[in-house]
Amino acid sequence: SLEDQMQFSAMTVELPDGAQALCFRGTDSSLVGWKEDFNMAFETRVPSQSRAVRYLERAALLAEGRVYVGGHSKGGNLAAYAAAMCDQATHARIAAAFSHDGPGFTRETLSSPSWKESAGLIHKTVPRSSLIGMLFEQQEDFSTVESTSVGVLQHDPFSWIVDGIEFRGAEGLSGGADYLDRGLNDWISSMSQAE
């Protein structure tokens, strides 16, 4: 939606055991999608985050059994946000929420009572050279995974190494990624909302 500055896509998949997996898409190649991504840097609730909460609440009403929520990139941000900000009845149905290299949140979001209550449900993974997943001033807790790619190309989740049914863990962010992420986040936070 150009008018709302929103790019949103989600789907629900029924798993073999009857659980439901709600999957949120990351940014597509549209200009409005990227504009909304930039808005996430300084707005506490962008339109796709509101839509994600509504989608989760509606889908949970139709689902039987456990509900898993997840996504990659902006989709990971939407999954974590929806899991934290949904109503109590929906929240009680969530088994886990997964944010794969999803950007962070504003300080206001991470300090809200809803976020603090939901933090244990949210599992964030980022590659060693994460740029996208470390964007914005504040970050939820995260685990680092190994990738077969280098630099920003590690954002591609198909480059992440899997051992059995788990991602192969890594020893934190690389020094270069940590330096770049801090510099970029300091620069973003130094700007006014108009800038």
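1. Basis of the note. The model is predicted, so that local features are reported at pLDDT of at least 70 and side-chain atom pairs at pLDDT 80 or more, whereas totals for chains, interfaces and linings use all residues. Residues are numbered from 1 along each chain as its sequence is written, and side-chain values use heavy atoms, with hydrogens and water left out.

2. Helices (H or I, at least four residues) and strands (E, at least two) are DSSP runs numbered from the N terminus, and two strands are taken to pair if DSSP finds at least two bridges between them. Strand S4 covers residues 94–100 and is mostly covered, with five of its seven residues buried (buried means under 20% relative accessible area, exposed over 50%, and partly exposed in between, with a 1.4 Å probe and protein chains only). S4 runs parallel to S3, to which six bridges join it, and His72 has His100 of S4 as its bridge partner. S4 also runs parallel to strand S5 (residues 122–127), here with four bridges; Ala97 stands opposite Ile122 of S5, and His100 stands opposite Thr125 of S5.

3. Strand S5 and its link to S6. Five of the six residues of S5 are buried, so this strand is largely enclosed by the rest of the structure. Besides its pairing with S4, S5 is joined by three bridges to strand S6 (residues 143–145), and these two strands also run parallel. Within this pairing, Val126 stands opposite Thr144 of S6.

4. Two residues with positive phi. Ser73 has a positive phi of about 60° although it is not a glycine; Ser73 is found in the loop between S3 and helix H3 (74–85), and at 10% relative accessibility it counts as buried. Asp101, likewise a residue other than glycine, has a positive phi near 55°. Asp101 lies in the loop between S4 and helix H5 (107–110), where it is buried with a relative accessible area of 1%.

5. Thr27 has its place in the loop between S2 and helix H1 (31–39) and is partly exposed, with a relative accessible area of 21%. The C-alpha atoms of Thr27 and His72 are separated by 9.0 Å, although the two residues are 45 residues apart along the chain.

6. Salt bridges. Side chains of opposite charge can pair when their charged atoms come close. A search of the whole structure finds two salt bridges, a salt bridge being a side-chain nitrogen of Lys or Arg within 4 Å of a carboxyl oxygen of Asp or Glu. In one of them the side chains of Asp17 and Arg66 meet, at 2.3 Å from N to O. Asp17 lies in the loop between strand S1 (10–14) and strand S2 (20–24), and Arg66 in the loop between H2 and strand S3 (67–72), so the pair ties together parts that are 49 residues apart in sequence. Asp17 is exposed, with a relative accessible area of 53%, whereas Arg66 counts as partly exposed at 38% relative accessibility.

7. The salt bridge of Arg168. Arg168 forms a salt bridge with Asp163, and the closest N and O atoms of this pair are 3.0 Å apart. Arg168 is partly exposed, with a relative accessible area of 36%, and Asp163 is partly exposed as well, with 39%.

8. Surface patches. Patches are made of residues with over 30% relative accessible area and no salt bridge, like charges being joined within 9 Å and nonpolar side chains (Val, Leu, Ile, Met, Phe, Trp, Tyr) within 5 Å. Lys and Arg count as positive and Asp and Glu as negative, while His and the chain ends are not counted; the place of a charge is NZ of Lys, CZ of Arg, CG of Asp or CD of Glu. Arg45, Arg51, Arg54 and Arg58 form a positive surface patch. Arg51 lies in helix H2 (residues 47–62) and counts as partly exposed, at 32% relative accessibility. A nonpolar surface patch is formed by Val150, Val152 and Leu153, which together have about 310 Å² of accessible area (Shrake-Rupley method with a 1.4 Å probe; for residues, only the protein chains shown count as cover). Val150 has its place in the loop between S6 and strand S7 (162–163), and at 63% relative accessibility it counts as exposed.
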